[in-house]
Amino acid sequence: MFIWFFHRISGVALIFLIGIKIATSFFLFTQDKKPDWALSLHRQPVIDALILVLFTFHSIYGVRTIIMDLGYRNEKRLFLVANIAASAISALLLSLYFITV
């Protein structure tokens, strides 16, 4: 139940966060005088970190759902493997992101 709920919430959150990035990019690249709010919102590392983590968990849980649909029945083991994989990938991506920023 947790994965189903998280998958729905993370999908909506990703649409919202990526929409913010696209909207702020539009305001920054199309206007001569760049709005301060768009610049400060576009360069927020919290938004970028949330996008990375939510995208990683959302995609790993999606792969988990596909594997479950194909007939794998050991749900607890798959949940554990999915969480470990998503946590490791998220940690790697966040460390790469914050090293380069």
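H3 passes H4 in a right-handed crossing, a crossing being called right-handed if the near helix is turned clockwise from the far one by less than a right angle, and left-handed if anticlockwise. The two helices H3 and H4 pack with their axes 9 Å apart and at an angle of about 155 degrees, where axes are lines fitted to C-alpha atoms, for helices over the stretch in contact, and angles run from 0 to 180 degrees between N-to-C directions. This is a predicted model, in which local features need pLDDT of at least 70 and side-chain atom pairs count only at pLDDT 80 or more, while totals for chains, interfaces and linings use all residues. Residues are numbered from 1 along each chain as its sequence is written, and side-chain values use heavy atoms, with hydrogens and water left out.

- The residues of the contact of H3 with H4 divide into 18 nonpolar, 4 polar and 3 charged, with Ala, Val, Leu, Ile, Met, Phe, Trp, Tyr, Cys and Pro counted as nonpolar, Asp, Glu, Lys and Arg as charged, and the others, Gly among them, as polar.
- Helix H1 (residues 2-30) packs against helix H3 (residues 45-69) at an angle of about 140 degrees, with their axes 9 Å apart, and that makes H1 oblique to H3.
- The crossing of H1 and H3 is left-handed, and the residues of the contact of H1 with H3 divide into 15 nonpolar, 5 polar and 3 charged.
- Among the residues of H1 that meet H3 are Phe2, Ile3, Leu17, Ile20 and Lys21, and on the side of H3 the contact includes Ile47, Phe57, Tyr61 and Arg64, contact meaning heavy atoms within 4.5 Å.
- Helices (H or I, at least four residues) and strands (E, at least two) are DSSP runs, numbered from the N terminus.

**Residues of helix H4**

- Phe79 has its place in helix H4 (residues 75-100) and is partly exposed, with a relative accessible area of 32%, where buried means under 20% relative accessible area, exposed over 50%, and partly exposed in between (1.4 Å probe, protein chains only).
- Not counting residues up to four places away in sequence, Phe79 touches Phe2, Ile3, Tyr61 and Arg64, whereas the C-alpha atoms of Phe79 and Leu52, 27 residues apart along the chain, are separated by 20 Å.
- Ser90, also found in helix H4, counts as buried at 6% relative accessibility, and its contacts, leaving aside neighbours within four places in sequence, are with Val53, Thr56 and Phe57.
- The side chain of Ser90 reaches the backbone oxygen of Ala86 at 2.8 Å.
- Ala88 lies in helix H4 and is partly exposed, with a relative accessible area of 47%, while Ala88 and Thr56 are 9.7 Å apart in space, C-alpha to C-alpha, and 32 residues apart in sequence.

- Leaving aside neighbours within four places in sequence, His42 is in contact with Lys21, Thr24, Ser25 and Leu28.
- Ile47, placed in helix H3, counts as buried at 10% relative accessibility, and it touches Leu17, Ile20, Lys21 and Leu41, not counting residues up to four places away in sequence.
- The C-alpha atoms of Ile47 and Leu14 are separated by 10 Å and lie 33 residues apart along the chain.

**The loop between H3 and H4**

- Gly71 has its place in the loop between H3 and H4, and at 38% relative accessibility Gly71 counts as partly exposed.
- The C-alpha atoms of Gly71 and Phe57, 14 residues apart along the chain, are separated by 21 Å.

Technical notes
Angles under 35 degrees count as roughly parallel, over 145 as roughly antiparallel, 65 to 115 as roughly perpendicular and the rest as oblique. A polar contact is a pair of N or O atoms within 3.5 Å; within protein, one must be able to donate a hydrogen and the other to accept it, and residues adjacent in sequence count only if both atoms are side-chain atoms.
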